[in-house]
Amino acid sequence: MKVHVDPERCQGHTLCAMIAPDLFTLDDVDGHSSAIDGEVPADLEAKAAEAIRSCPEQAISVIP
Amino acid sequence: MSTEPVTDDERKQNRYHFDRHTPEYREQFTEVTAEMLDKCPVAWSDTYGGHWVAAGHSEVFELARSADYLSNDHDPANERRGYKGISIPSPDVGFRGGFLEMDPPEQRYYRQALNPYLSPAAVARWTPLVDEIVRASLNEKIETGQIDFVDDLANIVPAVLTLGMLGVPLKNWDIYVEPIHASVYTPPNSPDMPRLQASRLAMREDMMGQLADIRANPRPGLIHALATAEINGTMPPDFELLGIIALLIGGGFDTTTALTAHALEWLSEHPDQRERLSAERDTLLNPATEEFLRYFTPAPGDGRTISADCELAGQQFKEGERIWLSWAMSNRDPAVFPNPNEVDLARTGNRHHSFGLGLHRCIGSNVARMVFKRMVTAVLDRMPDYVCDPAGAEHYQTIGIIQGMKHLPATFTPGPRIGDGLEETIALMQVLVDEQRLADPVTVRKDAADLK
């Protein structure tokens, strides 16, 4: 699986990077999130799911 | 978005007498919230000239993110549509409360000017300085075995940091703390009012002086960013900038104070959870912080004005109607939060609304989290057996504006001072701020404060 952050929805709450720092990076200037390119490692899939579940703006989705 | 014509009575059939400014609302918050969530997640209340109240999580989510239909604008001079901003009732003041009472695109220009000072990367640079102010604040009380966590810690650290980020001398913190803190909890008819008015005036004078001084002798910080910002191609007038500075100070001080005091009080009442948080802080501090934010919701909500007839969250609204978005009540929605009225330090899926939602998300959220965590962990380390005195703990009588505390006295086993006291430390930190230009935006300075 891959994860994607919708830049139109993200408002920089930063919970995703708090939960899964290896999967999400925050922009230095505005703190908005973007997901890593490529497949989510199998051992981080649960973290990815928790980040999706925790996003207040519901900005994160899974790309199969 | 098509709406069938219905009468106002039909639109407003979900009714609830909602008055968040009464002590009863604070005392019965859990019951009122459960009732509204169950029966009327969006309701019409006749209070304060009549307004909508949104309590349900999914309803607040949809409404707060519908900026095309909900306006934050405050227009006291009636130059646009005379909207009343984010407070219900609207205070009778002739100015707007910074960019929180603006709509895009104007609001966006301000946010873009200030983001590089308040992003996670920008805020992290200040952590070593915050640790010093926390250490020194605790030093003042550590040998006595007695502390008031509000007066002696949680009021001081957010204030000193906020002033540092603004570019205001750190030692001026006590000019600002009292008027900001007391303004929230002092009723208009209080005998304390004349003294409070005088302290407000002193604060406003200092603020205006700082703006003028920073214009004349530029030094880095949020005020410098504002003084040099082009907003939609023009330089904003001073009264607008003072509104922004007041918003940053009001947002930066008492909210974090309120969160910290409530969390420390709860941890004193639950010593087993306190030990667990301390022992497992590497994994537990982040979710526990979000849980305290959810449960105590220091800023309990925001008002908006409906800017066009619409149907949202299953409710028809008319242009010009006022609506209160309750972050605090939506944070207790059992549809999203199992056992919503319990604190679960390890809660997952914590999509709380305590920093708001959508394009007005609290611009200081990264500051609040960092300062809160540094204060709480320092207390856990240096006063691990503290016990709050319930008889001395004083909560705000009402939670309409901030769910905060006036006092939170505690006792603990005395310990040794570490390093300097508060006054000396603030003086040393001022040198650091100036020499290292800590208040520059993260686009200019990337490294954390170096204590040497």
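Analyst: Here is a predicted model, and a place to begin is chain A, where strand E1(A) and strand E4 (residues 60–63) pair in the antiparallel sense over four bridges.

User: Which residue stands opposite His4(A) in E4(A)?
Analyst: That is Ser61(A), which faces His4(A) across the pairing of the strands.

User: OK, switching to chain B. What is the strand order in the open sheet there?
Analyst: The three strands of that open sheet come in the order E4-E12-E9 in chain B, with antiparallel pairing. Strand E4 (146–148) and strand E9 (387–388) of chain B each have a single partner strand, so they stand at the edges and one side of each is left without a neighbour in the sheet.

User: How many bridges join E4(B) to E12 of chain B?
Analyst: Three bridges join E4(B) to strand E12, residues 409–411 of chain B, and in this pairing Asp148(B) stands opposite Pro409(B).

User: Last topic: how many residues does each chain bring to the contact?
Analyst: Chain A brings 16 residues and chain B brings 21 residues. On the side of chain B that touches chain A, helix H5 (106–118), helix H6 (120–124) and helix H18 (365–382) of chain B each supply at least two residues.

User: What classes are the residues on that side of chain B?
Analyst: The side of chain B that touches chain A has 12 polar, seven nonpolar and two charged residues.

Key:
Residues are numbered from 1 along each chain as its sequence is written. Chains are lettered from A and ligands numbered from 1 in the order in which they are written. This is a predicted model: local features need pLDDT of at least 70, side-chain atom pairs count only at pLDDT 80 or more; totals for chains, interfaces and linings use all residues. Two residues are in contact if their C-beta atoms, placed from the backbone, lie within 7 Å. Ala, Val, Leu, Ile, Met, Phe, Trp, Tyr, Cys and Pro count as nonpolar, Asp, Glu, Lys and Arg as charged, and the others, Gly among them, as polar. Two strands pair if DSSP finds at least two bridges between them.
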